[in-house]
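Visitor: Please take me through one part of this model in close detail. I would like to look at the aromatic rings and what surrounds them.

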Amino acid sequence: MSPDNPTLQRKLIILLFAIIFISTASVGIGVGYFAYIQNIQFLEKTTQTVQQEVLDRTEAFFLILAGAEPSIDDEMRKSLPNISRELLALKKPVLYVTSDDLRSIADRNQVDDIYLINQDGIIFTTTYPEDIGFDLKSVGLESFLNDIMDSGRISLDRAAVNALNGEITKYAYYSHPGTGYIIETSIKLKEALERTKSRDFTTFLMDDLFRNVQTHNPAVLEIDLFSSNELSQFSLINEGRKMDPEIYNIAKTHGSVRILSDNNLTIYTHFRPKEKEADYTGNLTSMVIYDTSMPKNELIKTAWHTLFIFIFVTVVSFLVSGRLFRRLVLRRLEYIVNNLHRIGDGDYSVKIDETGEDEFTIIARELNRMCDLILAREEELRQLYHDQEKIVEERTKELRKVKDAFEQANIKLTMLNVITRHDIINQISALSSFLDLILEINNQDTVHEYTQKCRQISEIIHKLIVFTKIYEDIGIKDPVWQDVRKTVEKAALDYPNANISYDLPQEKILVLADPLFEKVFFTFIENTIRHGEYATTVSVSYDYQGDDLLIIYKDDGTGIEKSDKSRLFEKGFGKHTGFGLFIVKEILAITNITIKETGEPGMGARFEILVPEGFWKL
């Protein structure tokens, strides 16, 4: 059925007319009875307005009180340490401090009363003698007192109504570390507000309110407001005035109490202000006294005015009902249907107007929520797709690193075959030549000399074969993450009798390197022991160059001559095998790690290993 269907519109207009007609007839019948009701029934129409006025003014009062209280808090925070210092300055045990002593201190610090509380929660001296000996822990303050005792902290209570006299009072607590007692101070909130030049709250709360209410409601004779709880029901306006506890209990249970006596109606209403600042006084009970002797003709005149207005509204409503129905119902329905078509076409960004509190608003809100859920799921799917792409990208990078390492290893193996085969052939040719010479000569010394050379050549061949084995292993296995500190410690185990001390870093840093990474530090330590002469200490530390990691190996030996540094990492250069530092460079190069020597001759060797970003991590 189309939203513009005239049949639907006509039926609803007829229904609306019937409802209005029945309502008008009912009001007409009721007006006749309304003209004869008693005065008390007429006053019922004013009670709700008066009660709301009292509630609104009370809410505003508590907001003013909440705004003024921070300045009072500042005063109390400043006064408590001063009071503590003055007590300590009395130079006598606190147990012997008298009420007169406390009164003088209270007057100087602008507080009304001071209480001293011992570790058992007992008030042992105070400016208010009636409270001496009172056990605060018996009223549920044990945990609070234990937290404050000797803590050096200041704790301020919210303002509350004194259960003994009805005054609004504020309390604060403080315990200087090591004193073994708590100082509690109190002030009367009304006097504090006047002292801080705040607005007179009783005048604001009720005096002008009563005059204003009487102007519009002459039947109101008196208004009062009580702070009501199980312990007390004192007036906030007339100090010392107390409500009947029995009336309070009934009002709390049923919400209100009505008492009719002579020509007066007294209504007690129990409520709790909605603002959280109402915690100052807890629950409230208002009292409004009405005069029930107003003339009946006023009541009848009001009734006829009401009937006339209702008839006028009925006629106007009938005339405009069709137009309003189309505007408020049919157009709204058409608007929602059009948006549903857009949603059906896949446009989930549609936002249907949610203003109002009718059924159409509920439908619009649910449709918007459905679109939001669909959009959220789409966003989750996009994020999931993005995360998967990121994972694939990371895995691709790792595979590329492994691929590069294998390609480099293949290049090294090829180079190894060429270099090693060439070196071994040269040495074997030399060995054959010397053997031929030995067979041709008879001089024993010459034979011995050539035999020695043959031995040296055989040792070189042996070293070449050992080098081949080590070099062959470089890059064969996948690079792995290795703890630098543990790697150095493991390499040091091969020299247990060396008189070397190690200074190693505490940070746990992992480096992605060939499994022969330990051989790097083994070679460093071996060179320190073999060539460092008087070296006694080896240190390993870290530094950072942008996103790259710098591993620094140092010893305190003789160092390396400047003339040797340019060929230090070449194959065959050195005083021993000539392969050690060459193999170190090749092991590190598998994962793009570089090395250089930066030490000063005579100051010890210093090797700097630069690990690029992506090949180290914490």
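Guide: Start with a cut-off. Rings of Phe, Tyr and Trp pair if their centres lie within 6.5 Å; for Trp, the six-membered ring is used. The model is predicted. A search of the whole structure finds nine aromatic pairs.

Take Phe-524 and Phe-607. Their ring centres are 4.5 Å apart, and their planes meet at 10°. Planes under 30 degrees apart count as stacked, so this pair is stacked. Phe-524 belongs to helix H12 (residues 517-531), whereas Phe-607 belongs to strand E18 (residues 606-611). The pair therefore ties together parts that are 83 residues apart in sequence. Phe-524 has 1% relative accessibility, so it counts as buried. Phe-607 has 3%, so it also counts as buried.

Phe-607 has another partner, Tyr-553. Here the centres are 6.5 Å apart and the planes lie at 50°, a tilted pair. Tyr-553 sits in strand E16 (residues 548-555), and 54 residues separate it from Phe-607 in E18. Tyr-553 is buried, like Phe-607.

Now widen the view. Phe-524, Phe-607 and Tyr-553 share one aromatic cluster with Phe-517, Phe-521 and Phe-569.

Next, the nonpolar core. The largest one has 39 residues. Phe-521, Phe-524, Ile-551, Phe-607 and Ile-609 touch the most other members. At least two residues of this core come from each of H11, E14, H12, strand E15 (537-545), E16, helix H14 (580-589) and E18. Look closely at Ile-609. Leaving out residues up to four places away in sequence, Ile-609 touches Phe-521 and Phe-524, and its other contacts include Val-520, Ile-551, Leu-588 and Ile-595. A separate core of 35 residues lies apart from this one, with Met-76, Ala-192, Val-213 and Phe-271 among them.

H11 and E14 lead on to a sheet. It is open, with three strands in the order E12-E14-E19 and antiparallel pairing. Strands E12 (480-483) and E19 (616-617) are the edges, each pairing on one side only. Helix H11 (residues 484-492) packs on this sheet and touches E12 and E14. The direction of H11 makes about 75° with that of E12. Strand E14 (residues 510-513) runs antiparallel to E19, joined by two bridges. Val-511 has Trp-616 of E19 as its bridge partner.

Note on methods. Residues numbered from 1 in each chain as written. Predicted model: local features only at pLDDT ≥ 70, side-chain atom pairs only at ≥ 80, totals over all residues. Heavy atoms only, no water. Pairing = 2+ DSSP bridges. Helix = DSSP H or I, 4+ residues; strand = E, 2+ residues; numbered from the N terminus. Contact = heavy atoms within 4.5 Å. Axes fitted to C-alpha atoms, helices over the stretch in contact; angles between N-to-C directions. Phe/Tyr/Trp six-rings, centres within 6.5 Å; stacked < 30°, edge-to-face > 60°. Buried < 20%, exposed > 50% of the residue type's maximum accessible area, 1.4 Å probe, protein only. Core = buried A, V, L, I, M, F, W, Y, C linked by side-chain atoms within 4.5 Å.
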